Amino acid sequence: MSYIVEINQLNKSFGQHHVLKDIDLQVETGEVVVIIGASGSGKSTLIRCINGLEEYNSGSLVVDGHGLEPHGGNQKALNAIRKEVGMVFQQFNLFPHLSVRRNIMLAPMKVKGVNQADATDTADRLLERVGIGSQAEKYPNQLSGGQQQRVAIARALAMEPRLMLFDEPTSALDPEMVGEVLDVMRELAREGMTMIVVTHEMGFAREVADRVIYIHEGRIVEQGPPDQVFDNPQNERTQAFLSRVLSH
């Protein structure tokens with residue numbers, strides 16, 4: 001079995017607040033895993049640990065063969081993971097003083113040493129891929145929220161990641177803009193991109209996920225194929241959560 005993420009007995013605390021509790025999770029290359037759960041359950045903290053943005057306290061975490069140590073002890077592994085894992089956040093985090101094209105070119109040039117001509121070609125290709133090829137010369141504040149989030153996805157893809165992490169990528173968008181971002185993510189899934197997605201978009205989870213994971217108070221309490229989790233949840237906490245979110 002080819003796992004790109006292997007997590008065993010991972011724990012994370014912020015002071016006295018125990019956020020992640022004995023997390024075990026393996027993700028196969030090419031798999032789309034969607035993580036659901038109430039706000040504050042630890043979903044975002046988990047994927048931030050996978051990218052090394054948060055240090056964990058105990059357990060083990062291996063991403064694409066690179067082992068991160070508790071309390072951030074392996075800088076070499078962290079640097080390698082940052083080059084191979086793309087992440088899209090709730091907020092777009094684009095550089096306001098750079099054009100859309102330059103926002104995408106920056107990381108390949110700075111981190112991977114890609115020359116300007118190749119970085120330009122990559123940026124233009126990715127902007128076409130996410131459906132906003134005509135916006136390359138504009139600045140972020142000239143775009144809609146949905147367009148800005150698609151730029152953020154293109155920027156992450158410019159590093160040619162082996163794994164993409166999405167932390168509630170539609171939560172800051174107006175409702176009419178959610179669909180255009182989800183469409184890009186659906187296409188990435190169809191193309192075989194390995195993805196871990198934290199989202200409240202249950203329709204997207206049902207449609208795109210290979211596996212849905214429900215986290216409650218820092219623990220994985222249920223996981224399985226979407227039809228199983230949504231239509232026949234076994235854990236009473238999962239049942240209660242889905243009854244709330246699916247009734248709206």
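Student: At roughly what angle do the axes of helix α3 and helix α4 cross?

Tutor: This is a predicted model, with local features needing pLDDT of at least 70 and side-chain atom pairs pLDDT 80 or more, while totals for chains, interfaces and linings use all residues. Residues are numbered from 1 along each chain as its sequence is written, and side-chain values use heavy atoms, without hydrogens or water. Helices are DSSP runs of H or I with at least four residues, strands are E runs of at least two, and both are numbered from the N terminus. With axes fitted to C-alpha atoms over the stretch in contact, and angles running from 0 to 180 degrees between N-to-C directions, α3 and α4 (residues 116-129) come within 9 Å and cross at roughly 125°.

Student: Are α3 and α4 roughly parallel or oblique to each other?

Tutor: Under 35 degrees counts as roughly parallel, over 145 as roughly antiparallel, 65 to 115 as roughly perpendicular, and the rest as oblique. The angle here is roughly 125°. α3 and α4 are therefore oblique.

Student: How many charged residues does the contact of α3 with α4 have?

Tutor: Contact means heavy atoms within 4.5 Å, and the α3 side includes R101, R102 and M105, facing residues of α4 such as D124 and L127. Asp, Glu, Lys and Arg count as charged; Ala, Val, Leu, Ile, Met, Phe, Trp, Tyr, Cys and Pro as nonpolar; the others, Gly among them, as polar. The contact divides into eight nonpolar and two polar residues, and the charged ones number three.

Student: Which residues of α5 meet α3?

Tutor: The axes of α3 (residues 100-111) and α5 (residues 145-157) come within 8 Å and cross at roughly 25°, so the two helices are roughly parallel. From α3, the partners are V100, N103 and I104. On the α5 side they are V151, A154 and R155.

Student: What is the handedness of the crossing of α5 and α6?

Tutor: These axes come within 8 Å and cross at roughly 20°, which makes α5 roughly parallel to α6. A crossing is left-handed if the near helix is turned anticlockwise from the far one by less than a right angle, and right-handed if clockwise. For α5 and α6 it is right-handed.

Student: How far apart in sequence are the parts that K12 and E54 tie together?

Tutor: A salt bridge puts a side-chain nitrogen of Lys or Arg within 4 Å of a carboxyl oxygen of Asp or Glu, and the structure holds 15. K12 and E54 form one of them, at 3.9 Å, N to O. K12 lies in strand β1 and E54 in the loop between α1 and β4, so the pair ties together parts whose separation in sequence is 42 residues.
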